[in-house]
Amino acid sequence: MVQDRLALIAPSILSDITHHTGLTSSVFVRTGDERVLIARCESPSPLSYQVP
């Protein structure tokens with residue numbers, strides 16, 4: 001249930017983050033030992049992607 005609600009609100013939040021940073025932003029949810037991508041907003045510049 002939480003994942004469904006998060007997937008609904010994430011695109012607008014990610015869009016704001018991407019607009020302000022110029023970077024691709026993503027939301028992942030932990031499922032066991034893995035992570036699942038539930039939302040992503042791509043950067044207008046394909047080379048502007050950082051992974052910590």
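Leaving out residues within four places in sequence, V27 touches L6, A10, L14, V36, L37, I38 and A39. This comes from a predicted model, and the points below begin with the chain as a whole before turning to single residues. The protein chain contains one helix and two strands, and read from the N terminus its elements follow the order α-β-β.

**The chain as a whole**

- Of the 52 residues in the protein chain, 19% count as buried, and the chain exposes about 4,300 Å², of which carbon and sulfur atoms supply 58%.
- Among the contacts in the protein chain with a separation of 6 or more, 34% are accounted for by residues 24 or more positions apart.

**The two strands**

- Strand β1, which covers residues 25-31, pairs with β2 in the antiparallel sense, and the pairing runs over seven bridges.
- Which residues stand opposite each other in this pairing? V29 is placed opposite V36 in β2, and T31 is placed opposite E34 in β2.
- The hairpin of β1 and β2 has two residues between the strands, and in this hairpin G32 takes a positive phi near 65°.
- V36 belongs to strand β2, and when neighbours within four places in sequence are left aside, V36 is in contact with V27, F28, V29 and T31.
- V36 counts as partly exposed because its relative accessibility is 38%, a value that lies between the 20% limit for buried residues and the 50% limit for exposed ones.

- Which residues make up the largest nonpolar core? The core consists of five residues in all, namely A10, L14, V27, A39 and C41.
- Helix α1, which spans residues 2-21, and strand β2 each supply at least two residues of this core.
- V27, one of the core residues, has contacts that include two other members of the core from the list above, A10 and L14.

**Two residues of the helix: I17 and T18**

- I17 is found in helix α1, and T18 is likewise found in helix α1.
- Is T18 buried or exposed? T18 is buried, because its relative accessible area is 5% and the word buried applies under 20%.
- I17, by contrast, has a relative accessible area of 40% and is therefore partly exposed, since this class covers the values between the limits for buried and exposed.
- Not counting residues up to four places away in sequence, I17 touches G22 and S25, whereas T18, with its neighbours within four places left aside, is in contact with L23, T24, S25, C41, E42, S43 and P44.
- The C-alpha atoms of T18 and S43 are separated by 6.2 Å, although these two residues are 25 residues apart along the chain.
- The C-alpha atoms of I17 and S43 are separated by 9.9 Å, and here the two residues are 26 residues apart along the chain.

- Where is P44 found? P44 is found in the segment after β2, the strand that covers residues 34-41.
- P44 is exposed, because its relative accessible area is 76% and a residue counts as exposed when this value is over 50%.
- When residues up to four places away in sequence are not counted, P44 touches T18 and G22, so that exposed P44 is in contact with buried T18.
- The C-alpha atoms of P44 and L23 are separated by 7.9 Å, while the two residues are 21 residues apart along the chain.

Key. Residues are numbered from 1 along each chain as its sequence is written. This is a predicted model: local features need pLDDT of at least 70, side-chain atom pairs count only at pLDDT 80 or more; totals for chains, interfaces and linings use all residues. Side-chain values use heavy atoms; hydrogens and water are left out. Helices (H or I, at least four residues) and strands (E, at least two) are DSSP runs, numbered from the N terminus. Buried means under 20% relative accessible area, exposed over 50%, partly exposed in between (1.4 Å probe, protein chains only). Contact means heavy atoms within 4.5 Å. Two strands pair if DSSP finds at least two bridges between them. A nonpolar core is a set of buried Ala, Val, Leu, Ile, Met, Phe, Trp, Tyr and Cys residues joined through side-chain atoms within 4.5 Å. Accessible areas come from the Shrake-Rupley method with a 1.4 Å probe; for residues, only the protein chains shown count as cover.
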